[in-house]
Amino acid sequence: MNETVHIENAVLGGGEAGKYLAWDLAQQGRPVVVIERALIGGSCPNIACLPSKNVIRSAKVADLVSRAASYGVRIEGATVDMKGVRQRKREMVDGMIAIHRHKFAIPHLEFLLAEGLLVGPRTVEARLPEGGSRRFVADRLFLNLGTRATIPSVPGLADAEPLTHVEALELDRLPSHLIVLGGGYVGVEFAQAFRRFGSQVTVLEFGTQLLGREDPDVATAVLKIFEEDGIDVVLGAETQVVEGRSGEAVRLRVKTQAGNRTIEGSDILVAAGRTPNTREIGLEQAGIELDARGFVKVDDRLQATAAGVWAMGECAGSPQFTHVAFDDFRVVRDNLAGNARSTRDRLIPYCAFIDPELARVGLDETSAQQQRIAIRVARIPMTSVLRARAIGETRGFMKMLLDVDGDRILGFTMLGADAGEVLAVVQTAMLAGLPYTGLRDAILTHPTMAEGLNVLLASVPPDASARMAARALARWEGEGGRVQTAKNPKA
């Protein structure tokens with residue numbers, strides 16, 4: 001081992017928040033070392049967000065080809081080449097890695113591919129893959145440890161060597177029957193993609209609906225879309241035993257409300273949540289406390305319980321989105337610079353990249369009911385959006401939640417083509433405090449998906465004050481009163 005080196009800043013984990021913080025510190029001339037276990041640039045460009053959307057796009061092309069005749073295009077003999085799908089994804093990943101290598105090669109920054117362990121307060125030992133190690137004592141330590149796919153403790157599941165999203169993205173073959181454990185965001189994205197490639201797909205969801213965090217109407221609509229796509233969804237499914245080996249043949253014994261079932265397939269994909277990468281790396285020796293779920297305890301400025309230590313991204317319990325991790329970086333950066341910034345009350349959007357896309361920001365109806373918040377709801381089917389009709393993508397709907405006593409936008413959900421792009425329009429209006437009437441009366445380009453906001457908001461129910469005024473007017477008129485006019489103000 002080399003002698004211990006003192007450094008001003010150490011970043012353990014080079015994911016979204018960690019890499020941006022390291023780049024920012026180095027550009028200020030502040031020495032920083034980044035210790036990353038394996039993925040140059042973090043999970044997003046390597047094994048998560050970008051490669052999964054790359055593969056989902058290939059699946060979209062396969063779907064369009066299968067429906068080409070409905071667009072007046074005849075295609076004969078088209079097939080899916082999974083090796084080609086993988087190669088397209090790998091080329092994109094290789095390009096992203098090259099970009100990150102270039103960005104890490106700047107003055108004042110040292111990037112190490114190594115296993116990082118904490119051996120004392122703000123002291124990191126980097127165990128190098130070629131052997132040996134280096135030790136750093138930092139004035140400031142930043143944790144960006146990430147999470148990994150959870151493998152539930154179902155008898156036989158681990159022995160079956162199931163796929164996670166990481167292995168699924170590397171398949172060069174098409175599973176004949178893919179069984180997906182979990183109907184959350186990752187599960188539904190992969191289920192639909194592999195169905196479009198040609199796999200038989202079964203989704204086993206323990207809860208009573210798909211996408212358990214969504215309103216029931218959203219979950220029902222997605223379930224209908226999956227049924228139309230030929231995906232078998234089993235709700236209230238408790239997997240009790242797994243036999244066999246994924247990639248060859250597997251058999252699952254499943255308990256459902258309708259009784260026990262045996263489901264046989266070729267492959268299992270586990271999409272049952274995430275586990276933080278915080279165990280067995282020495283956090284306890286550094287005085288860094290974890291919560292009951294294993295996430296690093298932080299305050300609203302992302303400071304950990306140990307002095308001079310911050311945690312960012314998923315390991316800190318932040319919502320599991322890359323865009324949130326990026327904002328975590330901004331929170332830490334600004335507070336280090338003396339500009340107070342907090343994680344409280346952040347307006348966080350998200351998009352599930354099924355087809356059509358599911359996007360949401362702000363309050364939903366279920367949360368409003370739980371919090372006893374009175375709301376008005378405007379809703380239209382995507383068939384009411386002319387762009388959707390023009391491109392033949394009419395599945396889904398838009399809905400917006402509004403303050404019952406005013407014009408404030410409280411939340412927006414869209415299940416429809418390009419939902420993520422329309423979402424950004426509504427989120428911007430919410431951040432600016434724009435009343436819904438601003439979007440209702442805006443001149444939006446025709447024919448676009450965003451134009452659907454004009455249609456959606458044209459039929460907003462009146463607010464409480466307007467309803468009270470209308471009832472008062474009706475009572476007054478019923479008692480013989482008449483409405484005053486400018487021509488006869490005393491009538």
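**Entry 1: the parallel sheet**

The model I am reading is a predicted one, in which local features need pLDDT of at least 70 and side-chain atom pairs count only at pLDDT 80 or more, while totals for chains, interfaces and linings use all residues. Residues are numbered from 1 along each chain as its sequence is written, and side-chain values use heavy atoms, with hydrogens and water left out.

Within this pair I found Val203 opposite Val233 in β10. I then saw that helix α6 (residues 185–197) packs on the sheet and touches β8 (177–181), β9 and β14, its direction making about 165 degrees with that of β9. Contact here means heavy atoms within 4.5 Å, and such angles run from 0 to 180 degrees between N-to-C directions, with axes fitted to C-alpha atoms, for helices over the stretch in contact.

I noted the whole sheet as open, with four strands in the order β10-β9-β8-β14 and parallel pairing. Since β10 (232–235) and β14 (267–270) each have a single partner strand, one side of each is left without a neighbour in the sheet.

**Entry 2: Asp267**

Is Asp267 buried or exposed? I placed Asp267 in strand β14 and found it buried, with a relative accessible area of 0%; buried means under 20%, exposed over 50%, and partly exposed in between, using a 1.4 Å probe and protein chains only. The side chain of Asp267 reaches the backbone nitrogen of Gly247 at 3.3 Å. Leaving aside neighbours within four places in sequence, the residues in contact with Asp267 include Arg173, His177, Ser246 and Gly247.

**Entry 3: the antiparallel sheet**

I next looked up an open sheet of five strands, which has the order β17-β18-β21-β20-β19 with antiparallel pairing. Its edge strands are β17 (350–352) and β19 (375–381), each of which pairs on one side only. Neighbouring strands of this sheet are turned by 10 degrees against each other on average, direction ignored. Three bridges join β17 to the antiparallel strand β18 (residues 357–362), and I found Tyr350 opposite Arg360 in β18.

Definitions and conventions. Two strands pair if DSSP finds at least two bridges between them. Helices (H or I, at least four residues) and strands (E, at least two) are DSSP runs, numbered from the N terminus. A polar contact is a pair of N or O atoms within 3.5 Å; within protein, one must be able to donate a hydrogen and the other to accept it, and residues adjacent in sequence count only if both atoms are side-chain atoms.
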